[in-house]
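The stops below go from the whole chain to single residues.

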Amino acid sequence: MVREYHPRLYVACSFQKEASVILDMLVKIEPEARFFVLDTGVLFQETYDTWKRVEARYGITIDRYTGEWVDRLWERDPDACCGMRKVEPMERALSQVDAWITGLRRDQAPARAGTPKLGWDARNGKHKAAPLADWTEKDVWRYIAAHDVPYNPLHDRGFASIGCTHCTRPGAGRDGRWAGTDRIECGLHLP
């Protein structure tokens, strides 16, 4: 992906453990790699702190994209909230690049079981790579330990997946996302 698309390659950085691994790998391959975050305005303080630690550790600046704010919209219409705070900013982030990289893993949820390592993202009209698609949770933690990679401390408190403060609780896999609902995706990775 770097050889083919850099500098028109963008890497989604959620400050979850998978994003930390991808970032660590990529800056070793291409120190000028470009990263972005979708800042919903209600990320955990630990996520913001991890963001600062990562930038300082690797000497990089991670681009920030935000969306429109409607107070407490997540309570009334989580689909609209995710659309405004995540999906629309993602579309803007990807509008000027040819390809992007995500931290999706097949074992995170049944809906992600068919995630290709490299494929066409029809929704965004870009090539999309998921280099950790075939990695297990143990593979991710092994890499973090072996390379002393900074990661979000919420993982140590039972958060397997980390999103916004109002919609995320500790839980295995994607179970802690949109707790109390049957929702497990925000719309970023839907066709």
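Contact here means heavy atoms within 4.5 Å. This is a predicted model, in which local features need pLDDT of at least 70 and side-chain atom pairs count only at pLDDT 80 or more, while totals for chains, interfaces and linings use all residues. Residues are numbered from 1 along each chain as its sequence is written, and side-chain values use heavy atoms, with hydrogens and water left out.

**Whole chain**

Select the chain and colour it by secondary structure. There are 6 helices and 6 strands; helices (H or I, at least four residues) and strands (E, at least two) are DSSP runs, numbered from the N terminus. Their order along the sequence is α-β-α-β-α-β-α-α-β-β-β-α. The radius of gyration, taken over C-alpha atoms, is 16 Å, close to the 16 Å that the globule rule gives for 191 residues, so the chain is as compact as a globular protein of that length. That rule is 2.2 Å times the number of residues to the power 0.38. The C-alpha trace spans about 45 × 35 × 35 Å along its principal axes.

Of the contacts with a separation of 6 or more, 68% are between residues 24 or more positions apart. Buried residues (under 20% relative accessible area; exposed is over 50%, partly exposed in between; 1.4 Å probe, protein chains only) make up 52% of the 191 residues.

Now colour by pLDDT, the predictor's confidence in each residue, from 0 to 100. The chain averages 90, and 90% of the residues score at least 70. Select residues 63–65, strand β3, where mean confidence is highest at 98, then residues 73–76, helix α4, where it is lowest at 85. Where pLDDT is low, the predicted coordinates should not be read in detail.

Select His6, in the loop between α1 (2–5) and β1 (9–12). Which residues does His6 contact, leaving aside its neighbours within four places in sequence? They are Met1, Glu30, Glu32 and Ala33. His6 is partly exposed, at a relative accessible area of 25%.

The peptide bond from His6 to Pro7 is cis, with omega near 15°.

**Two positive phi angles**

Most residues other than glycine have a negative phi, and most peptide bonds are trans. Select Phe15, in the loop between β1 and α2 (17–29). Phe15 is not a glycine, yet its phi is positive, at about 65°. Is Phe15 buried or exposed? Phe15 is buried, with a relative accessible area of 1%.

Move to Asp148, in the segment after α6 (137–147). Asp148 has a positive phi near 50° and is a residue other than glycine. Asp148 counts as exposed, at 58% relative accessibility.

**Asp24**

Finish in helix α2, where Asp24 is placed. Asp24 is buried, with a relative accessible area of 1%. Show the side chains of Tyr58, Tyr143, His147 and Val149: Asp24 touches these, not counting residues up to four places away in sequence.
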